[in-house]
Amino acid sequence: MFSNVEIGIDLGTANILVYSKNKGVIINEPSVVAIDTENNKVVAVGTDAKRMIGKTPEKIVAIRPLRKGVIADFNVTADMLRHIMKKVSQKTGYSLRKPNVVVCTPSGSTSVERRAIQDAIRQCGAKQVYLIEEPVAAAVGSDLPVDEPVANVIVDIGGGNTEVAIISFGGVVTCNSVRIGGDQFDDDIIQYVRKRYNVLIGEHTAEQVKFEIGFALVEHETRTMEIRGRDLVTGLPKTISLRSTEVQETLKESLLHILEAIRATLEDCPPELSGDIVDRGVILTGGGALLNGMQEWLSQEIFVPVHLAPNPLESVAIGTGRSLSIIEKLHKIAK
């Protein structure tokens, strides 16, 4: 049944990644679609569409069809997947008319949301669509022994949500999900600059601020960054200087929500697995794991070792692809 599975897809809120078992990660593009509102045709997908955010004429709209880890706009998502599948076919050199596909889904997603993902992939011509839970895929992609009876703790801080899971013997023992991730961090920064400086900045600028001077709740040497936006009073362009301590305070509430989810998951851990967690620690994956000081801050708060996955941004996609070979085993365990 699983012998013909060809590709794995990480359908992320911020990025869509495609993994081929022969070539590794072959596509890593933003989950953005630019649409012409006059005829509802797709103008651009991925990197080209992301460049258009906030810079398009009136009739072209750049949107993100996935929100908080699930499909918000089914038709646009299906269009985006069609374009992605065409690119996959070109890059791999083999026909993808009837591929078998493994897609990762957030563990907190409903049956309706999961069905929407399956339907969207099938509309692209997939023969079979198998779903794997995101934390399990992240654990596989982080080289953890998910099929052994030991505790593997994954904290996957994605674009739309954060998943915290304890995985043992191929399944999720306990899991908590909060709909806070990299996008929420960006939004926090946009709202702060608007309230504090009366300046409106875009998503791309907020993302740059997060990368360069965004810090978790750790002591650090203050950094500054100049950013440009539109003055809400005069309507004219304005340049302001932001300090890293301001950004840190802005992100505090969202970071504490993530910490709360981690603590709640560890509290639900069976006693037999707690010893493993002390020895093996927690693995951080996802783009949010790269926030400055995140690893140090979490290790101080939960008193267990915190490690960064070998490739945090691609862990889920790599795990989804690698699970092609072990998915039969995982399904047997799940049954």
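Modeller: A residue counts as buried under 20% relative accessible area, as exposed over 50%, and as partly exposed in between. The model is a predicted one. With a relative accessibility of 37%, Lys-59 is therefore partly exposed. Lys-59 makes a salt bridge with Asp-36, and their closest N and O atoms are 3.8 Å apart. Lys-59 sits in the loop between helix 1 (47-50) and strand 6 (60-63), while Asp-36 belongs to strand 4 (residues 33-36), so the pair ties together parts that are 23 residues apart in sequence.

As a general point, side chains of opposite charge can pair when their charged atoms come close. In the whole structure, a search finds 12 salt bridges. Another of these is formed by the side chains of Arg-64 and Asp-183, at 2.9 Å from N to O. Arg-64 lies in the loop between strand 6 and strand 7 (66-67), and Asp-183 lies in helix 5, so this pair ties together parts that are 119 residues apart in sequence. Both Arg-64 and Asp-183 are buried.

A further salt bridge joins the side chains of Asp-79 and Arg-82, with 2.6 Å from N to O. Here both residues belong to helix 2 (residues 74-92); they are three residues apart, which is about one turn of the helix. Asp-79 has a relative accessibility of 23% and so counts as partly exposed. Arg-82 is also partly exposed, because its relative accessible area is 33%.

Next comes the meeting of two helices. Two packed helices are described by the angle between their axes and the distance between the axes. Helix 5, which holds Asp-183, spans residues 182-197, and helix 6 spans residues 203-213. Their axes come within 9 Å and cross at roughly 100°. Angles of 65 to 115 degrees count as roughly perpendicular, and helix 5 and helix 6 are therefore roughly perpendicular to each other. On the helix 5 side, the residues in contact are Gly-182, Phe-185, Asp-186, Ile-189 and Ile-190. They meet Glu-203, Ala-206, Glu-207, Val-209 and Lys-210 of helix 6. By type, the residues of this contact comprise five nonpolar, one polar and four charged.

How values were computed. Residues are numbered from 1 along each chain as its sequence is written. This is a predicted model: local features need pLDDT of at least 70, side-chain atom pairs count only at pLDDT 80 or more; totals for chains, interfaces and linings use all residues. Side-chain values use heavy atoms; hydrogens and water are left out. Axes are lines fitted to C-alpha atoms, for helices over the stretch in contact, and angles run from 0 to 180 degrees between N-to-C directions. Helices (H or I, at least four residues) and strands (E, at least two) are DSSP runs, numbered from the N terminus. Angles under 35 degrees count as roughly parallel, over 145 as roughly antiparallel, 65 to 115 as roughly perpendicular and the rest as oblique. Contact means heavy atoms within 4.5 Å. Ala, Val, Leu, Ile, Met, Phe, Trp, Tyr, Cys and Pro count as nonpolar, Asp, Glu, Lys and Arg as charged, and the others, Gly among them, as polar. A salt bridge is a side-chain nitrogen of Lys or Arg within 4 Å of a carboxyl oxygen of Asp or Glu. Buried means under 20% relative accessible area, exposed over 50%, partly exposed in between (1.4 Å probe, protein chains only).
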